[in-house]
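Here's a quick tour for anyone meeting this structure for the first time. Have a look at the sequence and the fold, then read on.

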Amino acid sequence: PFPRERLMARDWTGVDIRAESQGEEKRPGTVQHHVISQLQMDGSYAVIFDDDGPNEAADVVAIRELQGEAGSAIEVDLFHLKYAGGAPGARIDDLYVVCGQAQRSTCWLDSTERKTELFIHLLKRNASRTDAGRESRFERGDVETLMRLRDMSRRVDVKLRVFIVQPGLSRGAATHNQMTLLAVTERFLTDTYEIPLAIWCSE
């Protein structure tokens with residue numbers, strides 16, 4: 001089973017955990033809006049992107065540049081969110097869909113070209129919305145920043161991290177079946193492309 005001590009309990013005060021998407025109007029009190037607000041506190045992200053909707057890479061995509069002894073790299077955090085079926089508890093149904101979405105994240109590392117296609121995907125998603133006169137998908141950053149990262153992705157390593165966000169999961173009350181499902185998801189991600197997995201839940 002997934003180690004219980006690695007479940008990251010977050011404060012969901014003021015959030016309707018049954019409401020997932022913030023929508024184009026950026027509704028406060030939703031799970032997605034709360035996650036974006038938390039990410040905005042991290043100044044290391046160059047881009048925070050609302051990719052919610054059909055054909056999404058993730059509900060929220062956050063991207064930072066890394067500099068180290070081995071050179072430059074890009075780190076992409078994919079946040080897969082799911083509304084809760086009720087108060088935080090032991091419902092395994094709260095996890096099935098979001099675990100499947102997390103596992104599909106591996107597709108972006110299938111080849112060198114696919115890594116760059118992730119950035120192209122985000123650029124197209126934003127263009128399709130703004131070309132229709134609707135709100136930009138950028139919560140931080142802009143098209144120019146994302147284009148620069150796209151170009152960088154052809155030369156440097158692209159690392160993925162996957163986050164499952166389910167406030168309906170209780171760290172204290174999580175069942176063996178829930179923890180086994182999370183472990184299977186982590187095993188798939190690590191065995192396929194060594195992608196680390198983190199879980200945001202409730203206390």
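Is Arg-64 buried or exposed? Arg-64 turns out to be buried, with a relative accessible area of 10%. Keep in mind as you go that this is a predicted model.

## Charged pairs around Glu-75

Let's stay with Arg-64 for a moment. Arg-64 forms a salt bridge with Glu-75, and the closest N and O atoms are 2.6 Å apart. Glu-75 sits in strand 4 and Arg-64 in strand 3, so this pair ties together parts that are 11 residues apart in sequence. Glu-75 is buried too, at a relative accessible area of 12%.

Glu-75 has another partner: its side chain also meets that of Arg-161 in a salt bridge (3.8 Å, N to O). This time the link runs from strand 4 to strand 6, so parts 86 residues apart in sequence are tied together. Arg-161 is partly exposed, with a relative accessible area of 26%. Thanks to shared partners, salt bridges join Asp-42, Arg-64, Glu-75, Asp-77 and Arg-161 into one network.

Searching the whole structure turns up 21 salt bridges. One of them is between the side chains of Glu-186 and Arg-6 (2.6 Å, N to O). Here distant parts of the chain are linked: Glu-186 belongs to helix 5, Arg-6 to the segment before strand 1, and they are 180 residues apart.

As for the general idea, side chains of opposite charge can pair when their charged atoms come close.

## The two sides of helix 2

Now for helix 2, which covers residues 93-104. Its buried residues are Asp-94, Leu-95, Val-98, Cys-99, Gln-101 and Ala-102.

On the face of helix 2 turned away from the buried side, you'll find the exposed residues Asp-93 and Arg-104.

## Helix 2 meets helix 5

Two packed helices are described by the angle between their axes and the distance between the axes. For helix 2 and helix 5, the axes come within 9 Å and cross at roughly 10 degrees. The two are therefore roughly parallel to each other.

Which residues make the contact? From helix 2 come Leu-95, Tyr-96, Cys-99, Ala-102 and Gln-103, and they meet Gln-178, Leu-181, Leu-182, Thr-185, Phe-188 and Leu-189 of helix 5. Sorted by class, this contact has 8 nonpolar, 3 polar and no charged residues.

## Two loop residues with positive phi

Most residues other than glycine have a negative phi. Lys-26 has a positive one, near 55 degrees. Look for Lys-26 in the loop between strand 1 (7-9) and helix 1 (31-40), where it is partly exposed with a relative accessible area of 28%.

Asn-55 isn't a glycine either, and its phi is positive at about 70 degrees. You'll find Asn-55 in the loop between strand 2 (47-50) and strand 3 (60-68). Asn-55 is exposed, with a relative accessible area of 68%.

Note on methods: Residues are numbered from 1 along each chain as its sequence is written. This is a predicted model: local features need pLDDT of at least 70, side-chain atom pairs count only at pLDDT 80 or more; totals for chains, interfaces and linings use all residues. Side-chain values use heavy atoms; hydrogens and water are left out. Buried means under 20% relative accessible area, exposed over 50%, partly exposed in between (1.4 Å probe, protein chains only). Helices (H or I, at least four residues) and strands (E, at least two) are DSSP runs, numbered from the N terminus. Axes are lines fitted to C-alpha atoms, for helices over the stretch in contact, and angles run from 0 to 180 degrees between N-to-C directions. Angles under 35 degrees count as roughly parallel, over 145 as roughly antiparallel, 65 to 115 as roughly perpendicular and the rest as oblique. Contact means heavy atoms within 4.5 Å. Ala, Val, Leu, Ile, Met, Phe, Trp, Tyr, Cys and Pro count as nonpolar, Asp, Glu, Lys and Arg as charged, and the others, Gly among them, as polar. A salt bridge is a side-chain nitrogen of Lys or Arg within 4 Å of a carboxyl oxygen of Asp or Glu.
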